[in-house]
Amino acid sequence: MDSSPDEKVGEVTVQMTNKGAKTCSATGFAGVDLKDIDGTSAPVHRGGEQPRITDLKPGDTATFSISYEVDFSGDSLASPTNIIVTPPNETHSVSLKWPAEALKLAGPYDDKIQVHPVGIAN
């Protein structure tokens with residue numbers, strides 16, 4: 001989890017590793033839904049960035065991030081428990097736990113929560 005210097009915007013970074021034997025393409029945006037503590041889920045909107053070509057050789061890792069407004073009031077109704085991820089060019093989703101150390105997300109689940117394009121990890 002990273003946050004911007006002003007700490008008004010939180011960020012969660014997700015890593016994807018090619019565990020296959022062939023190069024795969026992870027170009028574009030992952031499909032992302034956030035599952036809430038009440039069992040409901042909401043799609044995360046795409047950011048405005050232009051996706052770049054991201055080909056992963058076996059063992060390579062790519063990342064994407066989810067950015068959101070941070071709740072400082074303590075009154076947020078958003079309590080994500082899981083991130084449901086469908087990698088680019090895939091049809092099967094994976095459920096990841098929302099990081100316990102992430103800054104509190106300000107609700108509601110709307111376009112202030114954005115997923116950003118996949119890129120090669122440094």
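This is a predicted model: local features need pLDDT of at least 70, side-chain atom pairs count only at pLDDT 80 or more; totals for chains, interfaces and linings use all residues.

I began with the largest pocket, which holds about 290 Å³ of space. For my own reference, the search runs on a 1 Å grid over the protein atoms alone, and a pocket is an open set of points where a 1.4 Å probe fits, with protein on both sides within 12 Å along at least five of seven lines. The volume is the space filled by probe spheres set on the points, which are joined across faces, edges and corners.

I then listed the lining (residues with an atom within 4 Å of a point): of 16 residues, M16, T17, P87, E90 and V94 are the closest to the centre of the largest pocket. I sorted the lining into 10 nonpolar, five polar and one charged, with Ala, Val, Leu, Ile, Met, Phe, Trp, Tyr, Cys and Pro as nonpolar, Asp, Glu, Lys and Arg as charged, and the others, Gly among them, as polar.

Residues are numbered from 1 along each chain as its sequence is written, and side-chain values use heavy atoms, without hydrogens and water.

Which strand gives the largest share of the lining? I found that β2 does, with four residues; strands here are DSSP E runs of at least two residues, numbered from the N terminus.

Next I traced an open sheet of four strands, ordered β5-β4-β9-β10 with antiparallel pairing (a pair needs at least two DSSP bridges). β5 (41-43) and β10 stand at the edges with a single partner strand each, so one side of each has no neighbour in the sheet. Inside it, I saw β4 (31-36) and β9 (80-86) pair over six bridges, and K35 stands opposite N82 in β9.
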